[in-house]
Amino acid sequence: MRRRSGVADPLWYKRAIIYELPVKSFFDANNDGIGDFEGLVQKLDYLEGLGVTCLWLLPFFPSPLRDDGYDIADYCNIHPSYGTLEDFKRFLDAAHERHLQVVIELVLNHTSDAHPWFQRARTAPRESVERGYYVWSDTEDRYREARVIFVDSERSNWTWDPAAGAYYWHRFFRHQPDLNYDNPAVLREVLQVMDFWLELGVDGFRLDAVPYLVEREGTSCENLDDTHKVLKAIRRHIDARWPNRMLLAEANQWPADVRPYFGDGDECHMAFHFPLMPRMFMGLHLEDRHPIVEILEQTPALPDPCQWALFLRNHDELTLEMVTDEERDYMYLAYSADPQARLNLGIRRRLAPLVGNNRRRIELLSSLLFSFPGTPILYYGDEIGMGDNTHLGDRNGVRTPMQWTSDRNARFSRADPARLYSPVIMDPIYGYQAINVEAQERDPSSLLQWMKNLIGLRKLFPAFGLGSMELLHPANRKVLAYVRRHGSDTILCVANLSRSVQAVELELAAFAGLTPVEILGYTDLPVIGERPYFLTLGPYGFYWFELQRRDGHA
Ligand code: BGC
């Protein structure tokens, strides 16, 4: 029987609040030291209570786990450590019952070298379809203009395979050979994989590493027209069969290069806004709105059904690929004094440690995340201010077990601590005895309670997910102010990026006669007139005002 997706609104992803989580890190129900689907089911009450509306699950497929599951060995199954397909179905039904949508990973660009397609290709005759699932060469000289992405681990995008007697192409780790989209059999396989999961009822896919699908000589091998053709074919396939599903592109590129991933509304529904993310951190450290305003002004308009995916942190390093060399140096200096925190072109830290565990800075950045145009994505654990462990290697330091209580293993698992897939965070500031869900659920002024409130407010005002944005240009550059509008709803957002009290005059004559009502406390401020509107903000303070027309006012 065909299972249904969880949602009736075709634009559900625009109103969504997405929570990103690795199943292995969330909750371990069978106490083997590794999180699993059964554990996730047990924690759905928590996620529902938090108020998020969509779960994005990191890869959970059979895999040698040399890139935390982004090295897939079987696309249509579950890694035995996380459970079975039956467990997955139970989880999906339970999530849908709670009106939580589920987005999973589709790693299109590459497989693990352990995938049977690659093992077959290595020994298949040179001109065969099977060999042609991957990209081969007799020399390392092809596609010289393509950059290496994992600069700390790889020096070339080619690796010699003695069994094949040829080099194979890989944009990431050498154990992740790239699939060859010039071979029509590859796209057919991928469409089958998609149908498998859509049939089960998943609501969408995060399309991993999409800029690199196709290679062409003399180009950077990124964002090529033929890559867009593949994505459009995928979209056509979905639209013809599976209503209300969503494609989210991971294209770590400049806004102008990401824009084509939306096509004319006929490619991906969503794409991450990579360049905005580091600029929020930059604006905060510089105490100047300029970097944020500059990137927002460069951000192209999107076709109607499309939406940006916004985030502060995720499972990877805080990437600094989409900044200038100068900006990268600045970010390293400002946010990773400890060189141990740097990885590839980025910083492997969580949100709270990045901002010196300063609650006001966390709240300010979250207020931007939840009020900029797009759909916010919260990375598991950041809602309680979890820390990281940069000594764990690669990006594992931001993938440690979720901290549920102050009991053994943070109550993530009852296994012996030595069996856990990763040590829990134990330092005095961020350790599970100091930072955990149980304590924060009891504490009315905890970050967790604050976050629940923010999520609730965001959901009350559709203008955040659906509305337009106009930036204001007050003389005080430490203050960022913008208006979000949707139909007759108008929200004014004002944020102080600095550590000190600021005053600001806003040009609001266009809203003369309206009353700003502060949304968090539901407090009226004086009616807006023709003259500049004067406000003061505390250190890192922010306001969201609903501009209301009151009876008796014109
Ligand atoms: C994922 C990474 C992964 C890489 C290769 C990325 O963009 O976010 O975690 O290592 O793709 O699959």
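Let's start with Cys54: its relative accessibility is 0%, so Cys54 counts as buried (under 20% relative accessible area; over 50% is exposed, in between is partly exposed, with a 1.4 Å probe and protein chains only). Before going on, the ground rules. This is a predicted model, where local features need pLDDT of at least 70, side-chain atom pairs count only at pLDDT 80 or more, and totals for chains, interfaces and linings use all residues. Residues are numbered from 1 along each chain as its sequence is written, and side-chain values use heavy atoms, with hydrogens and water left out.

Cys76 is partly exposed, at 26% relative accessible area. How many disulfides are there? The count is zero, taking a disulfide as a pair of cysteine sulfur atoms within 2.5 Å. Cys54 is in no disulfide. Its nearest cysteine sulfur belongs to Cys268, 15 Å away.

Next, the cores. A nonpolar core here is a set of buried Ala, Val, Leu, Ile, Met, Phe, Trp, Tyr and Cys residues joined through side-chain atoms within 4.5 Å. The largest one has 164 residues. Which members touch the most others? Tyr19, Tyr46, Leu57, Phe88, Trp197 and Phe281. Helix 7 (residues 184-200) gives this core its largest share, 10 residues. Helices are DSSP runs (H or I, at least four residues), strands likewise (E, at least two), numbered from the N terminus.

Look at Tyr46. Contact means heavy atoms within 4.5 Å. Leaving out residues up to four places away in sequence, Tyr46 touches Tyr19, Phe26, Glu383, Ile384, Met402, Trp404, Val437, Glu441 and Leu448. There is also a second, separate core of 17 residues, including Val479, Leu492, Phe511 and Leu547.

Now a helix pair. Helix 10 (residues 276-286) packs against helix 12 (residues 325-335) at about 65°, axes 11 Å apart. Axes are lines fitted to C-alpha atoms over the stretch in contact, and angles run from 0 to 180 degrees between N-to-C directions. Helix 10 contributes Pro278, Arg279, Phe281, Met282, Leu284, His285 and Leu286. Helix 12 contributes Glu327, Tyr330, Met331, Ala334 and Tyr335.

Last, two backbone points. Most residues other than glycine have a negative phi. Asp68 has a positive one, near 50°. Asp68 sits in the loop between strand 2 (54-57) and helix 5 (85-97). His99 is positive too, at about 60°, in the loop between helix 5 and strand 3 (101-107). Buried or exposed? Asp68 is buried, at 18%. His99 is exposed, at 60%.
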